[in-house]
Amino acid sequence: MKARRNKKQVPSFRKLIKTSKVKLENKLKNKQFKQQSTIKKYRKEQRKLRQAVKDAVSKKPIPLEDPKHKRSVKRIEREEEEEEEALPLDMMDEDDLQLMKDLGQRASFLTRDLSSSEPVHAKKRKHKSVIDKYEKIPRTLQTAPEKELIHLLPIKDKSGIIPQTREKPVTDIKQDEEDQEEEMELEEDITETPIQELTMEEHLIERRKKLQEKKIQIAALASAILSDPESNIKKLKELRSMLMEQDPDVAVTVRKLVVVSLMELFKDITPSYKIRPLTEAEKSTKIRKETQKLREFEEGLVSQYKFYLENLEQIVKDWKQRKLKRSNVVSLKAYKGLAEVAVKSLCELLVALPHFNFHNNIIVLIVPLMNDMSKSISEMCCEAVKKLFKQDKLGQASLGVIKVISGFVKGRNYEVRPEILKTFLCLRIKEVEVKKDTEDINKPKKFMTFKEKRKTLSRMQRKWKKAEEKLERELREAEASESTEKKLKLHTETLNIVFVTYFRILKKAQRSPLLPAVLEGLAKFAHLINVEFFDDLLVVLHTLIESGDLSYQENLHCVQTAFHILSGQGDVLNIDPMKFYTHLYKTLFKLHAGATNEGVEIVLQCLDVMLTKRRKQVSHQRALAFIKRLCTLALQVLPNSSIGILATTRVLMHTFPKTDLLLDNESQGSGVFLPELDEPEYCNAQNTALWELHALRRHYHPTVQRFATHLIAGAPSEGSEALKPELSRRSAVELFENYSMATMTFNPPVEPSNSKKKDKVLQGDSFLNEDLNQLIKKYCSEVATETSLDFTQYLKTSLQ
């Protein structure tokens, strides 16, 4: 016989959390009130009984008549005769008559047990309804004023809703000595501990003690699980149950600690493979104890991991809905703190466990939070996705995230944060392409066939070779390295989704704030775009520039994208990007010269792609015009921007050696330099000189001075005027970032001027000339004659 399975299910976490602390307190109060009311009722009835016995007369009282059973006529006559024989009414005083009437009305209370709730003369019938019993209970006379009622929570049963009330306790001043003795005895039996009101300091001390106990409990459970995960997997459930902490003093802190502890535990004890559910055949087969123990561990781990993710999801949903649950343990203000901890745990699991179960579920939770109104949560999720892209070597997890992001952006009609699309820039597709080339050069070693071994090796050598090959195969399996073809397939699918998202925005949402992120992404992955799309893409970029709807930074992104396209596979195309050169040359002076330095870094990257990498397609006149304009621009920007621009000028002077004629004051050829002309080819830059370098040589920043002196000398690579290695070996963008002014300090610090203080400080009249002082005194000493001012005469003349 199989053991009968217990069908009673353990209540789930969500079901338990519905039982709030307020409800539990109400149940306890109801129970205590019921005990008190029973005691008070018993005391009250005993008191009434003693009072009724004292006032009772020797005559047997007449019971109250039953309204449904009328007495017979003979019985009524007999009772009247007995009353007449007892005492004529004419011979009784009015006070005695009134006393007898009162006793007659309450006579039934003397002959019955007052603790019972049924009337004296009611017959016990099983078929009588509850309503009839309730109606036949005799009403007490309202000798005292009505007492105030306190309405309690109603009770619901099969018959319906039953309202509950209780009387407001009123202290009786007049009580007998016996009642006081009985109350003292009953109070000794049932003693209630009074609730002590704690001060703020005592409350904080009590909270600190409770929190310390909870921390010790969490640490003990976590250490037990880490020491032996397979044996103590059930303690995961015990630790997870602490998420329903109901003590309002420590509930929020304990839940945060449990969330973080479980996250770290799952990161440590989770295996490096995905756990799949067992088939029916596998469940029915007999296995060893060790295998059975491993299976139980894996099943428990997956189930608890699933429940944990559901708990985190519920915390985030509660915060998003801004709804306060029945339990007042966690306040509405504390929801955000709990949600931030839950989102942080989800981000950590997204990055740490991309290979484990339910990773796609985490992605579906994280992607909408990337567009959340809370900036901290949005940045946290975006950084987690960037980190995942950077460390994902295979590309499986990246593909899953890209699919969800693409669908989310399309579903929101492209009204999302630009930071979501900027995460695409962290994809490792360019690095994998480099790995592909190295793998093609260094192809893996092939194993020898049996015939080759038999020809070249002896019997002993063949034996050793076989052992070596077996070991090498096992090492390859242990590394679990995926094939290059699978990687390329995943990356190709990922790039297709990225480009589809970019092209949709270019086509349907050109005025969207997502456009800069799209152009930046196209600039990075332009070398991977199919050549067939180049012409159409360049036309779209030029149309965007000419429309005038873009900001300056967006225009720079368009130029950068166009030249990235032409520097890759676009070399085989016969396309002249003269219009992009003209646009950049025309708009260079629009660079922001303030603290933000917006666009300088993009300009430096564009110049590198447009002039240095395409040196064979750049004319001599174009190079001269750009060098002259860059030196003029270096006068009006911050020091780090000046250093980056001068470093680019140095590279251009090395790339185009004939541009050294700008260092001579003699003109070359005919014409006059036209700096206001927008065409770099026809501005006659050969007839000017770089006089700006002499002004930069007196700059307050020492590095700018060094660069200017170096360029005036012709940018030599050796000698006293040559640059130091830390300046010459770095690119313009690196120098721009290293000498950044973001911290509002100079790098290196600028030396203060050594001006000597004057011994005497001139004050007041000492600044003025002696003649001027005398003249001032003369006019000040003269007394001004008072003349009457008559404005009406000027008014009359104007009217005439």
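Predicted model: local features only at pLDDT ≥ 70, side-chain atom pairs only at ≥ 80, totals over all residues.
Are F563 and F580 buried or exposed?

Residues are numbered from 1 along each chain as its sequence is written, and side-chain values use heavy atoms, with hydrogens and water left out.

**Exercise 1. Classify the ring pair of F563 and F580 and say whether the two residues are buried or exposed.**

Step 1: Recall the rule. Rings of Phe, Tyr and Trp (its six-membered ring) pair if their centres lie within 6.5 Å; planes under 30 degrees apart are stacked, over 60 edge-to-face, and the rest tilted. The count by this rule is 10 aromatic pairs.

Step 2: Apply it. The centres of F563 and F580 are 6.2 Å apart and their planes stand at 75 degrees, so this pair is edge-to-face.

Step 3: Place the residues. F563 belongs to helix 23 (residues 552–567) and F580 to helix 24 (residues 578–587), 17 residues apart. Helices here are DSSP runs (H or I, at least four residues), numbered from the N terminus.

Step 4: Answer the opening question. Both F563 and F580 are buried, where buried means under 20% relative accessible area, exposed over 50%, and partly exposed in between (1.4 Å probe, protein chains only).

**Exercise 2. Find what surrounds Y581.**

Step 1: Look for a ring partner. The ring centres of Y581 and F626 are 6.5 Å apart with planes at 70 degrees, so this pair is edge-to-face too.

Step 2: Locate the partners. Y581 is in helix 24 and F626 in helix 26 (residues 620–633), so the pair ties together parts 45 residues apart in sequence.

Step 3: Check burial. Y581 is buried, with a relative accessible area of 1%, and F626 is buried at 0%.

Step 4: Look for a charge. R622 lies over the face of Y581, 4.4 Å from the ring centre. The rule asks for NZ of Lys or CZ of Arg within 6 Å of the ring centre and within 35 degrees of the ring normal.

**Exercise 3. Describe the setting of E692.**

Step 1: Read its accessibility. At 1%, E692 counts as buried.

Step 2: List its contacts (heavy atoms within 4.5 Å). Leaving aside neighbours within four places in sequence, E692 touches K628, C631, T632 and L635.

Conventions
Helix = DSSP H or I, 4+ residues; strand = E, 2+ residues; numbered from the N terminus.
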